There are 2 protein chains.
Amino acid sequence: MAVEIERKFLVVGDDWREQATSRSRFSQGYLSTLPGRSVRVRVADNNAWLTIKGATVGATRSEFEYAIPVNEAQEMLDNLCQRPLIEKWRYLIHIDGLTWEVDEFLGENQGLIVAELELDSEAQTFTRPDWLGVEVTDDPRYFNASLSVTPYSSWEKH
Amino acid sequence: MAVEIERKFLVVGDDWREQATSRSRFSQGYLSTLPGRSVRVRVADNNAWLTIKGATVGATRSEFEYAIPVNEAQEMLDNLCQRPLIEKWRYLIHIDGLTWEVDEFLGENQGLIVAELELDSEAQTFTRPDWLGVEVTDDPRYFNASLSVTPYSSWEKH
């Protein structure tokens with residue numbers, strides 16, 4: 001088991017785009033969206049994974065991840081997973097030795113852009129880029145599992 | 001993906017016990033108990049698997065199974081899975097070229113014994129042993145996922 005320490009922020013403006021060194025298309029769906037036992041199927045760049053995440057305590061949560069055949073993942077996305085699926089571009093931005101993952105959502109979550117940073121400890125400091133907005137680490141609406149049940153386009157205002 | 005064709009029956013009396021050629025202790029739990037997307041963690045004989053089962057159509061359902069490390073499976077059973085866990089002995093009984101799996105449940109499902117037979121087609125015939133009772137293939141109460149939410153000991157009468 002890995003323990004994941006992750007902070008998540010909204011993204012302001014478009015300046016982040018020119019800092020991205022790569023982007024990949026992600027398709028993912030959920031077999032369980034329960035916060036303490038989410039089960040995610042993800043296909044990215046012709047690889048696929050099944051990922052189980054435990055309860056979030058602060059910015060820390062347990063995570064179990066297994067590589068699986070892409071065709072089986074695709075079958076689960078097509079036939080078994082909660083609708084809507086999560087479709088997004090993931091951009092990587094390297095700043096001062098740390099890697100930001102910026103997710104630009106598509107489909108029913110279009111308009112939402114968030115930046116995530118994986119850290120070694122909850123106390124770790126980091127450089128805040130200019131395009132970083134409000135922190136939403138603890139806001140369950142922004143969990144990808146939540147976005148597959150209540151997508152961004154269905155929220156009351158934004 | 002495998003397609004699983006399985007028929008399930010209650011077991012009558014104790015004559016089946018002397019026909020069993022092996023038994024193994026199974027511990028299993030569920031990350032999702034939804035009928036169309038159940039996710040099972042199973043530990044048996046120092047092996048472990050993560051198994052996703054799709055919707056049941058007749059006696060047929062899609063199944064995806066992945067071997068995972070036992071210690072990670074045990075962590076998921078201990079910390080993430082639905083309570084109660086399913087604890088059972090699984091006995092194997094070979095009759096006329098087919099293998100019956102007889103599950104004797106323990107804990108909150110104690111008293112329940114079912115026999116399962118995996119077939120190549122829904123039309124396949126088989127020898128009915130004397131100890132075979134009522135067929136419960138289509139009764140969702142007997143799904144292991146259901147037994148982890150509404151265990152046998154909580155049923156109104158039996």
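Close-up 1. Leu119(B) is partly exposed, because the 16 other C-beta atoms that lie within 10 Å fall between the limit of 20 or more for a buried residue and that of 12 or fewer for an exposed one. In this predicted model, Leu119(B) sits in the loop that runs between strand S8 (113-118) and strand S9 (132-135) of chain B. Leaving aside residues up to four places away in sequence, Leu119(B) touches Ile5(B), Arg7(B) and Gln124(B). Ile5(B) is 114 residues apart from Leu119(B) along the chain, yet their C-alpha atoms are separated by 5.5 Å.

**Close-up 2. The contact between chain A and chain B.** Chain A and chain B each bring 17 residues to the contact. On the side of chain A that touches chain B, at least two residues are supplied by each of strand S2 (22-32), strand S4 (47-57), strand S5 (60-67) and helix H1 (70-79) of chain A, and the largest share, four residues, comes from H1(A). Sorted by class, this side of chain A consists of ten nonpolar, four polar and three charged residues. The copies meet through the same surface, because 100% of the interface residues of chain A are interface residues in chain B as well.

Note on methods. Residues are numbered from 1 along each chain as its sequence is written. Chains are lettered from A and ligands numbered from 1 in the order in which they are written. This is a predicted model: local features need pLDDT of at least 70, side-chain atom pairs count only at pLDDT 80 or more; totals for chains, interfaces and linings use all residues. Two residues are in contact if their C-beta atoms, placed from the backbone, lie within 7 Å. Ala, Val, Leu, Ile, Met, Phe, Trp, Tyr, Cys and Pro count as nonpolar, Asp, Glu, Lys and Arg as charged, and the others, Gly among them, as polar.
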